[in-house]
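Hello,

Here is the structure I promised to pass on. Please look through it first; my notes follow below.

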Amino acid sequence: MWSWGRGAVTLVVVSAETLVLVLVVVTALGFDFTNGFHDTGNAMATSIATGALKPRVAVALSAVMNLIGAFLSVAVALTVTNAVVKTFSAAVKDPATGQVTAPAHLTMGGDALLMIVLGGLIGGIVWNLLTWLLGLPSSSSHALFGGLIGAAITANGWDGVNWVGDGTKLDGVVGKVLLPAVASPVVAALVAGLATWVIFKLIAGISHRSSEQSFRWGQIGTASLVSLAHGTNDAQKTMGVITLALIATGHWSAGAATIPFWVKLTCALAIAAGTYLGGWRIIRTLGKGLVEIESPQGMAAEASSAAVILASSHLGFALSTTHVATGSILGTGLGRPGAEVRWGVAGRMVVGWLLTLPAAGLVGGLMWSIGHLLGNTAGAIVEFLILIGLAGYMFQRSRGHAVGAHNVNDEWSGMPAAAAVTPELATGGVA
Amino acid sequence: MSGWSAFVKDLHYAGTAIWQVLLASVVLGAGLPMVFALGVRSLAWGSASEGDEGQGAAARPGNPAGKVLAVLLFAVVLYVLALGIYYIVVGGHGKELAFHGIWPEQVAKK
(Lines give C-alpha, C1' and ligand atoms only; values in the text may rest on other atoms or scores of the structure.)
Protein backbone atom coordinates (compact mmCIF):
# COMPACT_ATOMS: atom_id res chain seq x y z
CA MET A 1 0.00 0.00 0.00
CA TRP A 2 2.82 2.40 0.83
CA SER A 3 4.42 1.67 -2.52
CA TRP A 4 1.46 3.38 -4.20
CA GLY A 5 3.19 6.64 -3.50
CA ARG A 6 1.51 9.96 -3.00
CA GLY A 7 -1.99 8.74 -3.59
CA ALA A 8 -1.73 6.27 -0.73
CA VAL A 9 -0.19 8.85 1.60
CA THR A 10 -3.07 11.19 0.87
CA LEU A 11 -5.42 8.33 1.61
CA VAL A 12 -3.76 7.78 5.01
CA VAL A 13 -3.88 11.50 5.83
CA VAL A 14 -7.55 11.70 4.94
CA SER A 15 -8.45 8.72 7.07
CA ALA A 16 -6.49 10.18 10.02
CA GLU A 17 -8.62 13.31 9.87
CA THR A 18 -11.70 11.17 9.45
CA LEU A 19 -10.72 9.24 12.57
CA VAL A 20 -10.57 12.46 14.58
CA LEU A 21 -13.91 13.50 13.12
CA VAL A 22 -15.44 10.15 14.09
CA LEU A 23 -14.11 10.54 17.65
CA VAL A 24 -15.59 14.05 17.82
CA VAL A 25 -18.97 12.77 16.65
CA VAL A 26 -18.97 9.86 19.10
CA THR A 27 -17.91 12.15 21.96
CA ALA A 28 -20.61 14.66 21.01
CA LEU A 29 -23.23 11.91 21.13
CA GLY A 30 -21.80 10.85 24.51
CA PHE A 31 -22.23 14.43 25.71
CA ASP A 32 -25.80 14.44 24.40
CA PHE A 33 -26.46 11.24 26.36
CA THR A 34 -25.14 12.76 29.64
CA ASN A 35 -27.17 15.88 28.82
CA GLY A 36 -30.25 13.65 28.77
CA PHE A 37 -29.85 11.91 32.10
CA HIS A 38 -28.44 14.98 33.81
CA ASP A 39 -31.62 16.91 32.99
CA THR A 40 -34.36 14.30 33.45
CA GLY A 41 -34.97 15.76 36.89
CA ASN A 42 -35.59 19.27 35.55
CA ALA A 43 -38.93 18.15 34.16
CA MET A 44 -39.76 15.05 36.14
CA ALA A 45 -38.34 15.38 39.68
CA THR A 46 -41.48 17.10 40.96
CA SER A 47 -43.87 14.57 39.40
CA ILE A 48 -41.84 11.69 40.82
CA ALA A 49 -41.61 13.28 44.28
CA THR A 50 -45.36 13.86 44.60
CA GLY A 51 -46.26 10.46 43.15
CA ALA A 52 -48.06 12.00 40.16
CA LEU A 53 -46.12 9.52 38.05
CA LYS A 54 -44.34 6.32 38.97
CA PRO A 55 -40.57 6.87 38.58
CA ARG A 56 -40.19 4.53 35.60
CA VAL A 57 -43.26 5.98 33.86
CA ALA A 58 -41.98 9.52 34.43
CA VAL A 59 -38.58 8.91 32.82
CA ALA A 60 -40.23 7.03 29.92
CA LEU A 61 -42.64 9.92 29.28
CA SER A 62 -39.80 12.43 29.49
CA ALA A 63 -37.68 10.32 27.09
CA VAL A 64 -40.50 10.19 24.52
CA MET A 65 -41.05 13.97 24.82
CA ASN A 66 -37.30 14.58 24.38
CA LEU A 67 -37.23 12.30 21.34
CA ILE A 68 -40.15 14.13 19.73
CA GLY A 69 -38.66 17.48 20.72
CA ALA A 70 -35.31 16.59 19.17
CA PHE A 71 -36.96 15.65 15.87
CA LEU A 72 -38.71 19.02 15.82
CA SER A 73 -35.30 20.69 15.46
CA VAL A 74 -35.09 21.70 11.85
CA ALA A 75 -33.19 24.95 11.97
CA VAL A 76 -29.47 24.38 12.42
CA ALA A 77 -27.96 25.82 15.61
CA LEU A 78 -24.40 26.49 14.46
CA THR A 79 -24.34 29.55 16.65
CA VAL A 80 -24.06 27.41 19.80
CA THR A 81 -20.28 27.17 19.57
CA ASN A 82 -19.96 30.66 18.16
CA ALA A 83 -21.68 32.11 21.24
CA VAL A 84 -18.56 31.51 23.32
CA VAL A 85 -15.75 30.66 20.88
CA LYS A 86 -14.81 32.77 17.87
CA THR A 87 -15.43 30.08 15.25
CA PHE A 88 -17.11 32.21 12.63
CA SER A 89 -16.25 35.69 11.52
CA ALA A 90 -19.29 37.91 11.15
CA ALA A 91 -20.74 38.29 7.68
CA VAL A 92 -19.72 41.60 6.15
CA LYS A 93 -22.63 43.72 5.00
CA ASP A 94 -22.66 46.71 2.73
CA PRO A 95 -23.77 49.51 5.08
CA ALA A 96 -25.68 51.28 2.32
CA THR A 97 -27.70 48.40 0.86
CA GLY A 98 -27.57 45.88 3.70
CA GLN A 99 -26.45 43.26 1.18
CA VAL A 100 -24.01 40.61 2.39
CA THR A 101 -20.73 41.19 0.53
CA ALA A 102 -18.68 38.55 2.34
CA PRO A 103 -20.48 35.65 4.03
CA ALA A 104 -19.54 34.36 7.47
CA HIS A 105 -16.56 31.99 7.31
CA LEU A 106 -14.61 29.78 9.69
CA THR A 107 -11.81 31.61 11.47
CA MET A 108 -9.58 28.55 11.77
CA GLY A 109 -8.73 25.34 9.97
CA GLY A 110 -10.83 22.21 10.29
CA ASP A 111 -8.19 20.33 12.34
CA ALA A 112 -7.79 23.17 14.82
CA LEU A 113 -11.53 23.48 15.26
CA LEU A 114 -12.01 19.73 15.75
CA MET A 115 -9.41 19.63 18.52
CA ILE A 116 -11.04 22.56 20.37
CA VAL A 117 -14.48 20.96 20.04
CA LEU A 118 -13.18 17.56 21.20
CA GLY A 119 -11.48 19.08 24.27
CA GLY A 120 -14.58 21.10 25.05
CA LEU A 121 -16.91 18.11 24.77
CA ILE A 122 -14.74 16.00 27.06
CA GLY A 123 -14.62 18.84 29.61
CA GLY A 124 -18.41 19.02 29.49
CA ILE A 125 -18.90 15.25 29.87
CA VAL A 126 -16.44 14.92 32.76
CA TRP A 127 -18.10 17.74 34.70
CA ASN A 128 -21.58 16.34 33.94
CA LEU A 129 -20.56 12.93 35.27
CA LEU A 130 -18.89 14.32 38.39
CA THR A 131 -21.88 16.50 39.30
CA TRP A 132 -24.21 13.55 38.63
CA LEU A 133 -22.12 11.41 41.00
CA LEU A 134 -22.52 14.13 43.63
CA GLY A 135 -26.26 14.43 42.96
CA LEU A 136 -25.84 18.07 41.90
CA PRO A 137 -28.17 19.51 39.27
CA SER A 138 -25.86 21.71 37.19
CA SER A 139 -26.24 23.09 33.69
CA SER A 140 -25.16 20.81 30.84
CA SER A 141 -24.90 23.78 28.47
CA HIS A 142 -22.61 25.56 30.92
CA ALA A 143 -20.46 22.43 31.16
CA LEU A 144 -20.14 22.37 27.35
CA PHE A 145 -19.50 26.12 27.17
CA GLY A 146 -16.91 25.84 29.97
CA GLY A 147 -15.09 23.04 28.17
CA LEU A 148 -15.09 24.96 24.89
CA ILE A 149 -13.89 28.17 26.56
CA GLY A 150 -11.05 26.32 28.30
CA ALA A 151 -9.95 24.61 25.10
CA ALA A 152 -10.22 27.86 23.11
CA ILE A 153 -8.17 29.86 25.64
CA THR A 154 -5.46 27.21 25.67
CA ALA A 155 -5.42 27.05 21.87
CA ASN A 156 -5.85 30.67 20.83
CA GLY A 157 -5.35 32.74 23.99
CA TRP A 158 -7.92 35.01 25.65
CA ASP A 159 -8.78 36.56 22.29
CA GLY A 160 -10.05 33.20 21.01
CA VAL A 161 -13.06 33.52 23.28
CA ASN A 162 -16.12 35.59 22.48
CA TRP A 163 -16.43 37.29 25.89
CA VAL A 164 -18.97 40.05 25.33
CA GLY A 165 -20.08 39.89 21.68
CA ASP A 166 -19.94 42.93 19.43
CA GLY A 167 -22.50 45.05 21.23
CA THR A 168 -25.30 44.60 18.70
CA LYS A 169 -27.15 41.92 20.71
CA LEU A 170 -26.88 39.81 23.85
CA ASP A 171 -23.90 37.63 23.02
CA GLY A 172 -20.69 36.11 24.26
CA VAL A 173 -19.83 34.51 27.58
CA VAL A 174 -21.29 37.46 29.51
CA GLY A 175 -24.49 37.85 27.49
CA LYS A 176 -25.31 34.21 26.76
CA VAL A 177 -23.91 32.44 29.81
CA LEU A 178 -23.21 34.57 32.87
CA LEU A 179 -26.06 37.11 32.97
CA PRO A 180 -28.80 34.54 32.21
CA ALA A 181 -27.35 32.22 34.87
CA VAL A 182 -27.72 34.93 37.51
CA ALA A 183 -31.13 36.15 36.39
CA SER A 184 -33.03 33.03 35.34
CA PRO A 185 -33.19 31.15 38.69
CA VAL A 186 -34.35 34.35 40.40
CA VAL A 187 -37.07 34.99 37.82
CA ALA A 188 -38.20 31.34 37.98
CA ALA A 189 -38.27 31.39 41.79
CA LEU A 190 -40.37 34.59 41.82
CA VAL A 191 -42.88 33.20 39.33
CA ALA A 192 -43.15 29.78 40.99
CA GLY A 193 -43.39 31.37 44.43
CA LEU A 194 -46.23 33.63 43.30
CA ALA A 195 -48.00 30.72 41.60
CA THR A 196 -47.71 28.55 44.71
CA TRP A 197 -49.00 31.30 46.97
CA VAL A 198 -52.00 31.97 44.72
CA ILE A 199 -52.83 28.26 44.33
CA PHE A 200 -52.88 27.58 48.06
CA LYS A 201 -55.09 30.65 48.62
CA LEU A 202 -57.53 29.41 45.99
CA ILE A 203 -57.76 25.81 47.10
CA ALA A 204 -57.90 26.49 50.84
CA GLY A 205 -60.64 24.40 52.40
CA ILE A 206 -60.92 21.87 49.57
CA SER A 207 -60.39 18.25 50.52
CA HIS A 208 -56.67 17.56 50.40
CA ARG A 209 -57.15 14.25 48.60
CA SER A 210 -59.20 15.61 45.72
CA SER A 211 -56.96 18.63 45.15
CA GLU A 212 -53.87 16.40 45.14
CA GLN A 213 -55.53 14.20 42.52
CA SER A 214 -56.43 17.11 40.24
CA PHE A 215 -53.05 18.78 40.50
CA ARG A 216 -51.29 15.57 39.57
CA TRP A 217 -52.86 15.93 36.11
CA GLY A 218 -51.69 19.52 35.95
CA GLN A 219 -48.21 18.37 36.90
CA ILE A 220 -48.07 15.75 34.14
CA GLY A 221 -49.17 18.26 31.49
CA THR A 222 -46.73 21.00 32.48
CA ALA A 223 -43.82 18.57 33.04
CA SER A 224 -44.35 17.11 29.55
CA LEU A 225 -44.15 20.61 28.10
CA VAL A 226 -40.82 21.20 29.87
CA SER A 227 -39.49 17.86 28.51
CA LEU A 228 -40.53 18.76 24.97
CA ALA A 229 -38.87 22.17 25.15
CA HIS A 230 -35.75 20.51 26.56
CA GLY A 231 -35.59 18.01 23.69
CA THR A 232 -35.79 20.79 21.10
CA ASN A 233 -33.27 23.11 22.74
CA ASP A 234 -30.63 20.75 24.05
CA ALA A 235 -30.55 18.13 21.30
CA GLN A 236 -30.27 21.01 18.82
CA LYS A 237 -27.08 22.15 20.57
CA THR A 238 -25.34 18.81 19.99
CA MET A 239 -26.67 18.70 16.43
CA GLY A 240 -25.12 22.13 15.92
CA VAL A 241 -21.75 20.97 17.28
CA ILE A 242 -21.65 17.86 15.06
CA THR A 243 -22.81 19.78 11.98
CA LEU A 244 -20.09 22.37 12.65
CA ALA A 245 -17.48 19.59 12.80
CA LEU A 246 -18.77 18.21 9.49
CA ILE A 247 -18.63 21.64 7.86
CA ALA A 248 -15.12 22.25 9.20
CA THR A 249 -13.86 19.03 7.60
CA GLY A 250 -15.69 19.58 4.35
CA HIS A 251 -18.24 16.80 4.87
CA TRP A 252 -21.24 19.11 4.80
CA SER A 253 -21.88 22.24 2.82
CA ALA A 254 -21.39 25.39 4.87
CA GLY A 255 -24.25 27.03 3.05
CA ALA A 256 -26.76 24.34 4.03
CA ALA A 257 -29.22 25.62 6.60
CA THR A 258 -30.22 22.06 7.51
CA ILE A 259 -28.95 19.28 9.72
CA PRO A 260 -27.92 15.97 8.07
CA PHE A 261 -30.63 13.42 8.82
CA TRP A 262 -28.30 10.87 10.46
CA VAL A 263 -27.08 13.61 12.83
CA LYS A 264 -30.63 14.42 13.83
CA LEU A 265 -31.52 10.75 14.30
CA THR A 266 -28.47 9.86 16.41
CA CYS A 267 -28.72 13.01 18.56
CA ALA A 268 -32.42 12.44 19.19
CA LEU A 269 -31.80 8.81 20.17
CA ALA A 270 -28.83 9.73 22.40
CA ILE A 271 -30.69 12.38 24.41
CA ALA A 272 -33.80 10.19 24.71
CA ALA A 273 -31.78 7.16 25.83
CA GLY A 274 -29.99 9.31 28.41
CA THR A 275 -33.29 10.70 29.65
CA TYR A 276 -34.75 7.22 29.96
CA LEU A 277 -31.75 6.05 31.98
CA GLY A 278 -32.80 8.76 34.43
CA GLY A 279 -30.27 10.69 36.48
CA TRP A 280 -31.77 9.34 39.68
CA ARG A 281 -29.20 10.98 41.95
CA ILE A 282 -30.12 14.40 40.56
CA ILE A 283 -33.86 13.65 40.45
CA ARG A 284 -33.66 12.84 44.15
CA THR A 285 -31.87 16.07 45.05
CA LEU A 286 -34.33 18.19 43.04
CA GLY A 287 -37.49 16.37 44.13
CA LYS A 288 -36.73 15.56 47.75
CA GLY A 289 -33.62 17.49 48.76
CA LEU A 290 -34.48 21.11 48.16
CA VAL A 291 -38.09 21.34 49.34
CA GLU A 292 -40.72 18.80 50.40
CA ILE A 293 -43.39 19.41 47.78
CA GLU A 294 -47.02 18.49 47.16
CA SER A 295 -48.81 18.30 43.81
CA PRO A 296 -49.97 21.96 43.65
CA GLN A 297 -46.35 23.06 44.18
CA GLY A 298 -45.21 20.59 41.55
CA MET A 299 -47.56 22.11 39.01
CA ALA A 300 -46.56 25.65 39.99
CA ALA A 301 -42.88 24.74 39.54
CA GLU A 302 -43.26 23.14 36.10
CA ALA A 303 -45.65 25.82 34.81
CA SER A 304 -43.17 28.46 35.92
CA SER A 305 -40.26 26.58 34.29
CA ALA A 306 -42.16 26.13 31.03
CA ALA A 307 -43.20 29.80 30.95
CA VAL A 308 -39.69 31.12 31.69
CA ILE A 309 -38.07 28.77 29.14
CA LEU A 310 -40.54 29.60 26.36
CA ALA A 311 -40.64 33.35 27.08
CA SER A 312 -36.84 33.48 27.10
CA SER A 313 -36.44 31.60 23.86
CA HIS A 314 -39.01 33.95 22.33
CA LEU A 315 -36.96 36.96 23.44
CA GLY A 316 -33.60 35.46 22.48
CA PHE A 317 -32.46 35.16 26.09
CA ALA A 318 -30.32 32.00 26.26
CA LEU A 319 -30.72 30.11 29.49
CA SER A 320 -30.18 26.77 31.14
CA THR A 321 -33.16 24.51 31.86
CA THR A 322 -31.41 23.38 35.04
CA HIS A 323 -31.11 26.87 36.49
CA VAL A 324 -34.76 27.56 35.73
CA ALA A 325 -36.04 24.26 37.16
CA THR A 326 -34.01 24.64 40.33
CA GLY A 327 -35.18 28.22 40.82
CA SER A 328 -38.79 27.16 40.29
CA ILE A 329 -38.64 24.33 42.84
CA LEU A 330 -36.99 26.64 45.36
CA GLY A 331 -39.73 29.21 44.67
CA THR A 332 -42.49 26.73 45.50
CA GLY A 333 -40.90 26.35 48.92
CA LEU A 334 -40.76 30.11 49.42
CA GLY A 335 -44.33 30.67 48.22
CA ARG A 336 -45.93 28.24 50.63
CA PRO A 337 -46.09 29.57 54.18
CA GLY A 338 -44.54 27.10 56.59
CA ALA A 339 -42.67 25.10 53.93
CA GLU A 340 -39.07 24.26 54.69
CA VAL A 341 -36.37 25.15 52.15
CA ARG A 342 -33.08 23.32 52.73
CA TRP A 343 -30.71 26.22 52.13
CA GLY A 344 -27.68 23.99 52.67
CA VAL A 345 -28.64 21.96 49.61
CA ALA A 346 -29.38 25.13 47.61
CA GLY A 347 -26.03 26.62 48.64
CA ARG A 348 -24.18 23.52 47.51
CA MET A 349 -25.89 23.75 44.11
CA VAL A 350 -24.84 27.38 43.74
CA VAL A 351 -21.23 26.40 44.50
CA GLY A 352 -21.53 23.71 41.82
CA TRP A 353 -22.84 26.28 39.33
CA LEU A 354 -19.99 28.68 40.09
CA LEU A 355 -17.46 25.89 39.57
CA THR A 356 -19.00 24.62 36.31
CA LEU A 357 -17.31 27.02 33.87
CA PRO A 358 -13.80 26.96 35.43
CA ALA A 359 -13.81 23.22 36.18
CA ALA A 360 -15.08 22.11 32.75
CA GLY A 361 -12.74 24.73 31.24
CA LEU A 362 -9.76 23.26 33.08
CA VAL A 363 -10.51 19.78 31.73
CA GLY A 364 -11.16 21.19 28.24
CA GLY A 365 -7.84 23.08 28.28
CA LEU A 366 -5.97 20.05 29.59
CA MET A 367 -7.44 17.83 26.89
CA TRP A 368 -6.55 20.30 24.17
CA SER A 369 -2.96 20.40 25.47
CA ILE A 370 -2.74 16.60 25.32
CA GLY A 371 -3.91 16.72 21.73
CA HIS A 372 -1.38 19.47 20.98
CA LEU A 373 1.52 17.53 22.54
CA LEU A 374 0.79 14.19 20.90
CA GLY A 375 -0.43 15.46 17.55
CA ASN A 376 -4.04 15.49 16.43
CA THR A 377 -4.66 11.82 15.72
CA ALA A 378 -2.73 10.23 18.59
CA GLY A 379 -3.90 13.04 20.87
CA ALA A 380 -7.54 12.54 20.00
CA ILE A 381 -7.25 8.79 20.67
CA VAL A 382 -5.54 9.36 24.04
CA GLU A 383 -8.12 12.01 25.03
CA PHE A 384 -10.91 9.61 24.17
CA LEU A 385 -9.32 6.81 26.23
CA ILE A 386 -8.90 9.18 29.20
CA LEU A 387 -12.60 10.05 28.91
CA ILE A 388 -13.59 6.36 28.87
CA GLY A 389 -11.38 5.73 31.91
CA LEU A 390 -12.79 8.65 33.93
CA ALA A 391 -16.38 7.77 32.99
CA GLY A 392 -15.83 4.14 34.02
CA TYR A 393 -14.25 5.21 37.31
CA MET A 394 -17.15 7.54 38.21
CA PHE A 395 -19.72 4.93 37.24
CA GLN A 396 -17.93 2.48 39.53
CA ARG A 397 -18.01 5.01 42.38
CA SER A 398 -21.74 5.57 41.88
CA ARG A 399 -22.49 1.92 42.60
CA GLY A 400 -21.33 2.30 46.20
CA HIS A 401 -24.46 4.29 47.03
CA ALA A 402 -26.66 3.59 44.06
CA VAL A 403 -29.81 5.68 43.65
CA GLY A 404 -32.52 4.30 41.39
CA ALA A 405 -36.26 4.11 40.85
CA HIS A 406 -36.56 2.00 44.04
CA ASN A 407 -35.15 4.56 46.50
CA VAL A 408 -35.44 7.90 44.72
CA ASN A 409 -38.28 9.02 47.00
CA ASP A 410 -36.86 7.80 50.32
CA GLU A 411 -36.79 10.17 53.29
CA TRP A 412 -34.13 12.84 52.69
CA SER A 413 -30.97 12.26 54.70
CA GLY A 414 -28.33 14.36 53.00
CA MET A 415 -26.76 14.40 49.56
CA PRO A 416 -26.83 10.82 48.28
CA ALA A 417 -23.28 10.61 47.08
CA ALA A 418 -21.66 12.38 50.02
CA ALA A 419 -20.68 9.11 51.70
CA ALA A 420 -19.47 7.48 48.52
CA VAL A 421 -16.85 10.02 47.52
CA THR A 422 -14.02 11.77 49.27
CA PRO A 423 -15.01 14.81 51.34
CA GLU A 424 -13.18 17.23 49.06
CA LEU A 425 -15.20 16.01 46.09
CA ALA A 426 -18.46 15.94 48.00
CA THR A 427 -18.18 19.61 48.87
CA GLY A 428 -16.78 20.53 45.49
CA GLY A 429 -13.51 21.50 47.15
CA VAL A 430 -15.27 23.95 49.44
CA ALA A 431 -15.12 23.01 53.09
CA MET B 1 -16.56 48.32 19.49
CA SER B 2 -14.43 48.08 22.62
CA GLY B 3 -14.89 45.20 25.04
CA TRP B 4 -16.07 47.48 27.80
CA SER B 5 -18.80 49.16 25.78
CA ALA B 6 -19.98 45.77 24.44
CA PHE B 7 -20.11 44.59 28.05
CA VAL B 8 -22.22 47.58 29.08
CA LYS B 9 -24.52 46.95 26.10
CA ASP B 10 -24.84 43.29 27.14
CA LEU B 11 -25.90 44.44 30.62
CA HIS B 12 -28.42 46.80 29.07
CA TYR B 13 -29.87 44.16 26.70
CA ALA B 14 -30.04 41.64 29.54
CA GLY B 15 -31.82 44.13 31.79
CA THR B 16 -34.47 44.74 29.14
CA ALA B 17 -34.86 41.04 28.35
CA ILE B 18 -35.13 40.05 32.01
CA TRP B 19 -38.03 42.42 32.61
CA GLN B 20 -39.87 41.13 29.56
CA VAL B 21 -39.23 37.51 30.53
CA LEU B 22 -40.41 38.19 34.07
CA LEU B 23 -43.59 39.87 32.88
CA ALA B 24 -44.48 37.15 30.36
CA SER B 25 -43.61 34.41 32.85
CA VAL B 26 -45.78 35.88 35.57
CA VAL B 27 -48.76 36.03 33.19
CA LEU B 28 -48.24 32.49 31.84
CA GLY B 29 -46.36 30.72 34.60
CA ALA B 30 -48.45 31.98 37.50
CA GLY B 31 -51.63 32.63 35.49
CA LEU B 32 -51.95 29.07 34.20
CA PRO B 33 -51.75 27.39 37.64
CA MET B 34 -54.16 30.04 38.92
CA VAL B 35 -56.77 29.18 36.28
CA PHE B 36 -56.16 25.50 37.02
CA ALA B 37 -56.63 26.10 40.76
CA LEU B 38 -59.89 27.94 40.03
CA GLY B 39 -60.93 24.89 38.01
CA VAL B 40 -60.14 22.61 40.94
CA ARG B 41 -62.11 24.93 43.22
CA SER B 42 -65.10 24.89 40.82
CA LEU B 43 -64.91 21.13 40.53
CA ALA B 44 -65.07 20.83 44.32
CA TRP B 45 -68.04 23.21 44.30
CA GLY B 46 -69.69 21.06 41.63
CA SER B 47 -69.10 17.74 43.37
CA ALA B 48 -71.04 16.38 46.32
CA SER B 49 -68.74 16.80 49.30
CA GLU B 50 -68.49 14.53 52.27
CA GLY B 51 -66.34 17.02 54.08
CA ASP B 52 -62.65 16.69 54.78
CA GLU B 53 -61.56 13.43 56.26
CA GLY B 54 -61.42 13.57 60.01
CA GLN B 55 -62.97 17.03 60.28
CA GLY B 56 -66.52 15.80 60.59
CA ALA B 57 -67.90 18.46 58.22
CA ALA B 58 -71.48 17.95 57.09
CA ALA B 59 -72.15 16.49 53.66
CA ARG B 60 -73.49 18.96 51.06
CA PRO B 61 -74.84 18.45 47.54
CA GLY B 62 -72.82 19.53 44.49
CA ASN B 63 -73.73 22.42 42.21
CA PRO B 64 -73.87 21.56 38.47
CA ALA B 65 -72.76 25.10 37.57
CA GLY B 66 -69.47 24.33 39.30
CA LYS B 67 -68.86 21.40 36.98
CA VAL B 68 -69.55 23.49 33.87
CA LEU B 69 -67.25 26.25 35.09
CA ALA B 70 -64.54 23.69 35.89
CA VAL B 71 -64.70 22.24 32.38
CA LEU B 72 -64.40 25.75 30.89
CA LEU B 73 -61.40 26.61 33.08
CA PHE B 74 -59.63 23.32 32.34
CA ALA B 75 -60.28 23.94 28.63
CA VAL B 76 -58.42 27.26 28.95
CA VAL B 77 -55.49 25.42 30.57
CA LEU B 78 -55.46 22.83 27.79
CA TYR B 79 -55.56 25.58 25.15
CA VAL B 80 -52.53 27.31 26.68
CA LEU B 81 -50.65 23.99 26.94
CA ALA B 82 -51.46 23.30 23.27
CA LEU B 83 -50.18 26.77 22.38
CA GLY B 84 -46.97 25.96 24.24
CA ILE B 85 -46.52 22.77 22.20
CA TYR B 86 -47.30 24.63 18.97
CA TYR B 87 -44.78 27.30 19.90
CA ILE B 88 -42.06 24.67 20.42
CA VAL B 89 -42.89 22.94 17.10
CA VAL B 90 -42.75 26.23 15.21
CA GLY B 91 -39.55 27.27 17.03
CA GLY B 92 -37.83 24.04 15.96
CA HIS B 93 -38.47 25.12 12.37
CA GLY B 94 -36.80 28.46 13.00
CA LYS B 95 -40.05 30.41 13.17
CA GLU B 96 -42.14 31.90 15.93
CA LEU B 97 -45.77 32.72 16.68
CA ALA B 98 -47.55 36.02 16.35
CA PHE B 99 -50.99 36.51 17.86
CA HIS B 100 -54.13 38.01 16.44
CA GLY B 101 -56.38 37.97 19.45
CA ILE B 102 -56.03 34.46 20.80
CA TRP B 103 -55.28 32.70 17.50
CA PRO B 104 -51.61 32.11 16.70
CA GLU B 105 -49.95 32.48 13.31
CA GLN B 106 -46.49 31.34 12.17
CA VAL B 107 -44.09 34.13 11.23
CA ALA B 108 -40.37 34.31 10.46
CA LYS B 109 -38.15 34.76 13.49
CA LYS B 110 -36.82 38.28 13.99
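**What I found**

Buried residues make up 59% of the 431 residues in chain A; buried here means 20 or more other C-beta atoms, placed from the backbone, within 10 Å of a residue's own. This is a predicted model, where local features need pLDDT of at least 70, side-chain atom pairs count only at pLDDT 80 or more, and totals for chains, interfaces and linings use all residues. Residues are numbered from 1 along each chain as its sequence is written, with chains lettered from A and ligands numbered from 1 in the order in which they are written.

Chain A has 14 helices and 2 strands (DSSP runs, H or I of at least four residues and E of at least two, numbered from the N terminus).

Now the two chains. In all, 42 residues of chain B are in contact with 53 residues of chain A (contact: C-beta atoms, placed from the backbone, within 7 Å). On chain B's side, helices H1 (3-46) and H2 (64-92) each give two or more residues. H1(B) gives the most, with 29 residues. That side divides into 27 nonpolar, 10 polar and 5 charged residues (nonpolar: Ala, Val, Leu, Ile, Met, Phe, Trp, Tyr, Cys and Pro; charged: Asp, Glu, Lys and Arg; polar: the others, Gly among them).

One residue to look at is A:Val191. Leaving aside neighbours within four places in sequence, A:Val191 is in contact with residues of both chains, including A:Ser304, A:Gly331, B:Val26 and B:Ala30.

Finally, contacts in chain A with a separation of 6 or more: residues 24 or more positions apart account for 83% of them.

Best wishes

How values were computed: Two residues are in contact if their C-beta atoms, placed from the backbone, lie within 7 Å. A residue is buried if 20 or more other C-beta atoms lie within 10 Å of its own, exposed if 12 or fewer, and partly exposed in between; C-beta atoms are placed from the backbone.
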